[in-house]
Amino acid sequence: MRKERIRDYRHVSWDWNGTLLNDTWLCLECLNAVAAQGGYPPIDLPRYRAVYGFPVQSIYEALNMPTDPESFRISSIAYMDAYESRRSECGLHAGAKEILDRLHAAQIPQSIFSAYPQDFLEAIVREYQLGHFFGQLSGNDSIFTNSKAHRARAHFSSLGVSFDDILYCGDTTHDAEVAQSLGIDCVLVASGHQARERLEPLGVKVVADFAELIRLF
Ligand SMILES: [Mg+2]
């Protein structure tokens, strides 16, 4: 963070899965369910947080599952079906709502820049009754990628403020790399899909959780 406080930025953009939404546990359960269907043994949470990343095929590789295009397509659909049927079991991370509220009260605009498919993103934000916090909800057009790089410039350019005045808050190395590629400040919360040790070397601010993030407000 180049600015001292979060409230010094003129726009805060959020990653959704793993950052605001506490869904790492569900993603792991769904992944293990897909693995079990193919006869592959499960992985535990530390292993998941050690291997999760971009591209998403790397996770299947870590489970020794096939990643040829057809196998990947079938696994992705099974995974998404499992996830979607249980997505309402997740909640926001502790403290996430508080910082959304504080930014809203300070009239600092917020948006979501996510790799979650656009229609699912719109539906879940509605379901969690958070729509009033966000001016833009930007999701992917496919369930088969977790990359955001191809959409980053379009999303951040649409916010109507200089890139210097935007803070992007995520939970993965990919989030930091996408922000850094545009010169946008990034803060990572290490309570999501990747272990803190993977986030530390990136040269961006890393916080343990929302309690620590709120102290930067
Ligand atoms: Mg995420």
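**Exercise 1. Find how many salt bridges the rule places across the interface of domain 1 and domain 2.**

*Solution.* The rule finds one salt bridge across this interface; the term stands for a side-chain nitrogen of Lys or Arg within 4 Å of a carboxyl oxygen of Asp or Glu. A word on what you are looking at: this is a predicted model, where local features need pLDDT of at least 70 and side-chain atom pairs count only at pLDDT 80 or more, while totals for chains, interfaces and linings use all residues. Residues are numbered from 1 along each chain as its sequence is written, and side-chain values use heavy atoms, with hydrogens and water left out.

**Exercise 2. Describe how the two domains meet.**

*Solution.* Start with the bounds, which come from an automatic or database domain assignment. Domain 1 covers 6–22 + 91–215, and domain 2 covers 24–89. Their C-alpha centres are 23 Å apart. Domain 1 brings 25 residues to the contact and domain 2 brings 22, where contact means heavy atoms within 4.5 Å.

Now turn to area. About 1900 Å² is buried between the domains, with 50% from carbon and sulfur atoms; this is the accessible area (1.4 Å probe) that two parts lose on being put together, summed over both. Of the area that domain 1 buries against domain 2, 34% comes from Phe144, Asn146 and His193, more than from any other three residues.

**Exercise 3. Decide whether threonine 172 is buried or exposed, and list what it touches.**

*Solution.* First, locate threonine 172: the loop between β4 (166–170) and α8 (173–181) holds it. Helices (H or I, at least four residues) and strands (E, at least two) are DSSP runs, numbered from the N terminus.

Second, check accessibility. Threonine 172 counts as buried because its relative accessibility is 8%; buried means under 20% relative accessible area, exposed over 50%, and partly exposed in between (1.4 Å probe, protein chains only).

Third, list its contacts. Beyond neighbours within four places in sequence, threonine 172 contacts Tyr52, Leu188, His193, Gln194 and Leu199.
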